[in-house]
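Here are my notes for you to read with the model open. Take the points one at a time and find each spot on screen before moving on.

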Amino acid sequence: MTGPGGGASPTSDHGSSNILEVRNLKKHFPIRVGFANRVKGHVRAVDGISFDVRQGETLALVGESGSGKTTAVRCLVRALDPTAGEIRFHTETGKWIDLSDLSRRELRPLRPQMQMVFQDPRSSLNPRMTVLDIIGEPLLLNGMNNRNDRIDRVEELLRLVRLRPEYMRRFPHAFSGGQRQRIGIARALALNPRLVIADEPVSALDVSVQAQTLNLLLELQEELGLTYIFVAHDLSVVKHISDRVAVMYVGKIVEIGERDQVFFNPKHPYTAALLNAVPRTDPRASRTRIPLRGEVADPADPPSGCYFHPRCAYAIERCGTETPVAEVVDGERRVECLRVAELELPGVTTG
Amino acid sequence: MGTSERPPPRPGDTGGGNVAVLVEEDRISVAPQWKLMWWRFRKHKVAVSAGFVIAAFYLVALLANFFAYSDPDDSRPAQSFIPPSPIQWFAEDGTFGPYVHPLVGERDFETFKKVWEADETVSIPIQLFARGYEYKLLGLFDTDIHLIGVPEGYESESTIFLLGTDNFGRDIFSRLVLATRTSLTIGLVGVFLSLVLGVTLGGISGYYGGVPDSIIQRIIEILRSVPVIPLWLGIAAALPLTWSPTRIYFSITIIISLIGWTTLGREVRGRFLQLRHEDFIMAARLCGARDGRIIRVHMVPLLTSHIIAATTLAVPLMIIAETSLSFLGLGLRPPAISWGVMLQDAQNVQTVAQAIWMLIPVAPVILAVLAFNFLGDGVRDAADPYGG
Ligand SMILES: Nc1ncnc2c1ncn2[C@@H]1O[C@H](COP(=O)(O)OP(=O)(O)OP(=O)(O)O)[C@@H](O)[C@H]1O
Ligand code: SF4
Ligand SMILES: [Mg+2]
């Protein structure tokens, strides 16, 4: 059941080739109690999500805090072991490999192709290492044993992220948040990855450097032909950089589709609610969290039927009992809502 | 614009800033953590002084017999309870130079106490690097040179009494110097063992979690519920009587260290648990680092300062333990010489009333404990300036 090509089907019903195909991915955290660590239940942080990532695109993963975005992407890079599902990765050599049940040893040679940029630039750099050692670590661990070679490569990477190479002997404490994030990006790029997963890479940064950092990511994508999975809880950021958008709510993807379709013509009430909350004029307000009626459901004890029904403005009786399944609309959009056919929802208005 | 960003030194961006500031900023930027720590520690004047005090203590401990001038085991009942007699600096005829007058004891027939008077007609000069009793310097070289002493023809045992004598007529200063060596070193192996156990087991517990963590945590809970004093008595009774008191005590400290690691073990576990979720650990793993490298390169270096601080704070506990246990007769016993043993000699009220100077060993105990605590606090503050 394991191994290269296991159950892989590179079926692309849309012309462009995929780099990643996720099927029914689940991550349940056991809730342990008491002296003997008895399992009392599960936090269904990611509860069966499926999506494709196309070569060279940016797929945005959005949702409120606690919706399972971080858990999902950590499963993709196998920083967490998924409970179930498939993560099919299209390798450099053109093979399809299911990452979900590879051992650590089997994963190691694939690591360079998939790297991550982290949210908090204070926690993502080891305070006891110089920039040279931080960015040089992936190089060292993947066979670049000559220190001078590493110095050359780190210099190149620092230029790539618009930092001065002279800074490489410094420690992280000498840099601002924005600069540290660039160091993190340089480290992620050190091994020439094909897929870069960025988990809210700008949300911990000052507003004034957010745009700079996003632009850098876009430029790098262009220059290096990267594919991004970009996690955000802020739709204004997503609008700026994504090609497609997946909206997550309590461990499920409730809507996924082309950016413009999702933004101008949302099909799921949750998407519409998020869009409604996007401030359009004042850029400062973009840092505030999305005000939505009620609280996010508890993934340890989700509501019956549609998880969104306690907060949904369009909920009907059926929504509390029946679980919606993904429906394809407009060709390649997938929406999990029982009333998808009948609802007319407002999107963002241009201007 | 980009000015609200937290702005640590960025020399490149400072424009026409002044050169001195630039150099200073650069120095901080490229300084490894331990250097920053040292710079912060240096500012902590009390801790630095405490460091010097401790260094002095260990210098004395290392060269104890050199600093002593009288044989610490040489008992002379005839000269018991001589009060402290300082060195004289100026002779009556105006010449300068350290000397002592010999003491003559006379019984006061009202109080039956012996009263010691200086015979001012005789002056015995004090010499540096004089000959005295024989010993092994650093445990290696046979010698009889001492820091101070008296000229040939006299013996320091019956002439110099800087801090007086005890009930057996032994010189308190010389005994104190030797006690310093015992009290400051006998528990160190135990402290070191606790350290190794604490870091290893705490590290395993925090890094791997799950079953190993549960097992180690249960062990810690059990060990922590063991009452130390009865255990101590039990071990003392179980060890062979033919052993010397010092050897018995040393063995006990080692056995007790098998319990003593739990505090540090918990701390290390907590730090590992916390570190395990840091993004830079995940980043290292994502580029292929194995467990060994992650622990060695990414976790332990962030803990060293805490480990140093914890150890510095463990040493005074060891000193107090020795002193109080020996004082109670449970620790070291004569002929071993330690601060606790010396205080035990001063245990009864009559002695204290007659010869208050026998309580002098309290002073180094307090000084050493305070110095270690100040040093430990300083190290901890320097390691973690934001507390926590
Ligand atoms: N290790 C864990 N053990 C138990 N529960 C967890 C664990 N990690 C995450 N969770 C739970 O899983 C759910 C999803 O968390 P996750 O961090 O993935 O959300 P998120 O969408 O990234 O949110 P945010 O925007 O705050 O980063 C939350 O309810 C969280 O409490
Ligand atoms: S299924 Fe019902 S409750 Fe859920 S989103 Fe659709 S309308 Fe709202
Ligand atoms: Mg998150």
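Predicted model: local features only at pLDDT ≥ 70, side-chain atom pairs only at ≥ 80, totals over all residues.

**Notes on the model**

1. A backbone N or O atom of A:Gly68 sits 3.0 Å from an oxygen atom of ligand 1. A:Gly66 also uses its backbone: one of its polar backbone atoms is 2.8 Å from a ligand oxygen. With A:Lys69 it's the side chain, where a polar atom lies 2.9 Å from an oxygen of ligand 1. Taken alone, the ligand would expose 630 Å², and the protein buries 63% of that.

2. Now look at who stands around ligand 1. There are 13 residues in this shell, and the ones that come nearest are A:Ser65, A:Gly66, A:Lys69, A:Thr70 and A:Thr71. Sorted by class, the shell has 6 polar, 4 nonpolar and 3 charged residues.

3. Which parts of the fold supply that shell? Strand S2 (38-54) and helix H1 (69-76) of chain A each bring at least two residues. H1(A) gives the most, with 3 residues.

4. Move on to ligand 2, also beside chain A. Cysteines turn up several times in its surroundings, including A:Cys306, A:Cys312, A:Cys319 and A:Cys337. Among the other neighbours you'll find A:His268, A:His309, A:Phe308, A:Tyr314 and A:Arg339. By class, the shell around ligand 2 counts 9 nonpolar, 2 polar and 1 charged residues.

5. Over in chain B, find a pair of helices. Helix H6 (residues 188-208) and helix H10 (residues 262-276) of chain B have axes that come within 7 Å and cross at roughly 35 degrees. The crossing of H6(B) and H10(B) is right-handed. On the H6(B) side, the contact includes the glycines B:Gly198, B:Gly202, B:Gly203 and B:Gly206. On the H10(B) side, B:Leu264, B:Val268, B:Phe272 and B:Leu273 are among the residues taking part. The residues of this contact divide into 8 nonpolar, 7 polar and 2 charged.

6. Is the peptide bond from B:Pro334 to B:Pro335 cis or trans? It's cis, with omega near 10 degrees. To find B:Pro335, go to the loop between helix H13 (304-327) and helix H14 (339-345) of chain B.

7. Last stop, back in chain A: A:Glu200 isn't a glycine, yet it has a positive phi of about 45 degrees. You'll see A:Glu200 in the loop between strand S7 (195-199) and helix H6 (207-224) of chain A.

Definitions and conventions. Residues numbered from 1 in each chain as written. Chains lettered and ligands numbered in written order. Heavy atoms only, no water. Near = heavy atom within 4 Å. Polar contact = N/O pair within 3.5 Å; in protein donor to acceptor, adjacent residues only side chain to side chain. Areas by Shrake-Rupley, 256 points an atom, 1.4 Å probe, with all protein chains shown as cover. Helix = DSSP H or I, 4+ residues; strand = E, 2+ residues; numbered from the N terminus. Nonpolar A, V, L, I, M, F, W, Y, C, P; charged D, E, K, R; others polar. Axes fitted to C-alpha atoms, helices over the stretch in contact; angles between N-to-C directions. Left-handed = near helix turned anticlockwise from the far one by under 90°. Contact = heavy atoms within 4.5 Å.
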